[in-house]
Amino acid sequence: ACLCSTGDGRIGAARGVLVHAYSATAPAGCAPPLLARHTSRASSAAAPSAASNGTGSSASPPPSALPSEPWIALIPRGHCTFDMKVHTAALSGASAVIVFDDKEADTLDMMDISPDHNITAVLTYHWKGVMLAKLADGPSKVYVEITVANRCTRSLNSINRTSVLFVSVSFIVLMIISLAWLVFYYVQRFRYIHAKDRLSRRLCSAAKRALSKIPTRRLKIDDPELVGDGDCCAICIERYRVADVVRALPCRHEFHKSCIDPWLLDHRTCPMCKMDILKHYGFVVSFNL
């Protein structure tokens, strides 16, 4: 488990058997000597101690011998200062001490420890301490290793500064790319619209010149369009009448002049056979951006 610590005491690397320790003469490991608590290996016939263990039990099990190998004391917070707990653990031979909070909290307090103690001291959360205590009280040995400069002890300020710098640079680069793309897009769009407008004006001018070459005539009573039921204009669907002005396209389709002229200015093709009047009269209009 990651054990984040705070305080002014000596923090260094340590490794050893985890011992859920308590004091026989003072509550919560506040006075030497410390004893080991092994509830699963304790004799059921032994008399319990009246001292509180800090993990919710009101009685302490019989003491067990401390390990001969390096060991790390696990002590609950409370009843005395952090400095007293660290001093007691040092006098009892512990290579390090882990103090866990006596109440649930989202943050940890500062450990006010004298720099004279040559022992590693760590403060952790209540729930982590209870979890470690259950493991230490079990039938198996639990080894704990405390390391310096791991993920838990890195400076949050440096992490934040690095993250902010990375996000800021990424955002600026993204904004520059987006701005460059928008400028390119709108420049190209403006050029296209401008070229399309110029082409439209050139096509309209060419269509007017082509119209000037297409003949018109006024219908007379004996014209074929008025014989019998008579023909009708394909655009307005009205029958031709005497004195109507019609325009006869090169494809031999005829329409009212007032109907076909606006159509040819916009479309430049016969509405019936799609003949292009510009190509017929040799008008070539190019489209360049």
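The legends below describe an overall view and several close-up views of a predicted model.

**Figure 1. Overall composition of the predicted chain.** The secondary structure comprises five helices and 10 strands. The chain has 289 residues, of which 35% count as buried. Its exposed surface comes to about 17,500 Å², and carbon and sulfur atoms supply 58% of that area. When contacts between residues at least 6 apart in sequence are considered, 64% of them join residues at least 24 apart.

**Figure 2. The aromatic cluster of Trp-181, Tyr-185 and Tyr-186.** Ring pairs link these three residues into a cluster. The count of aromatic pairs in the model comes to two. One of them is the pair of Trp-181 and Tyr-185, and the other pair shown here is that of Tyr-185 and Tyr-186. Tyr-185 takes part in both of these pairs.

**Figure 3. The stacked pair of Trp-181 and Tyr-185.** The ring centres lie 5.4 Å apart, with 10 degrees between the planes. The arrangement counts as stacked because an angle under 30 degrees meets that criterion. Both residues belong to helix α3, which covers residues 156-211. Because Trp-181 and Tyr-185 are four residues apart in this helix, about one helical turn separates them. Trp-181 is exposed, its relative accessible area being 52%. Tyr-185, by contrast, is partly exposed, with a value of 35%.

**Figure 4. The edge-to-face pair of Tyr-185 and Tyr-186.** Here the centre-to-centre distance is 5.2 Å and the planes are set at 80 degrees to each other. This pair counts as edge-to-face because the angle required is over 60 degrees. Tyr-186 has a relative accessibility of 52% and is therefore classed as exposed.

**Figure 5. The surroundings of Met-275.** Met-275 is located in the loop that runs between helix α4 (257-267) and helix α5 (277-280). With a relative accessible area of 17%, Met-275 is buried, because the class takes in values under 20%. Leaving aside residues up to four places away in sequence, Met-275 touches Pro-250, Cys-251, Arg-268, Thr-269, Cys-270 and His-280.

**Figure 6. Met-275 and Cys-251 across the sequence.** These two residues are separated by 24 positions in sequence, and their C-alpha atoms lie 7.1 Å apart in space. Cys-251 is among the residues that Met-275 touches.

Notes
Residues numbered from 1 in each chain as written. Predicted model: local features only at pLDDT ≥ 70, side-chain atom pairs only at ≥ 80, totals over all residues. Heavy atoms only, no water. Phe/Tyr/Trp six-rings, centres within 6.5 Å; stacked < 30°, edge-to-face > 60°. Helix = DSSP H or I, 4+ residues; strand = E, 2+ residues; numbered from the N terminus. Buried < 20%, exposed > 50% of the residue type's maximum accessible area, 1.4 Å probe, protein only. Contact = heavy atoms within 4.5 Å. Areas by Shrake-Rupley, 256 points an atom, 1.4 Å probe, with all protein chains shown as cover.
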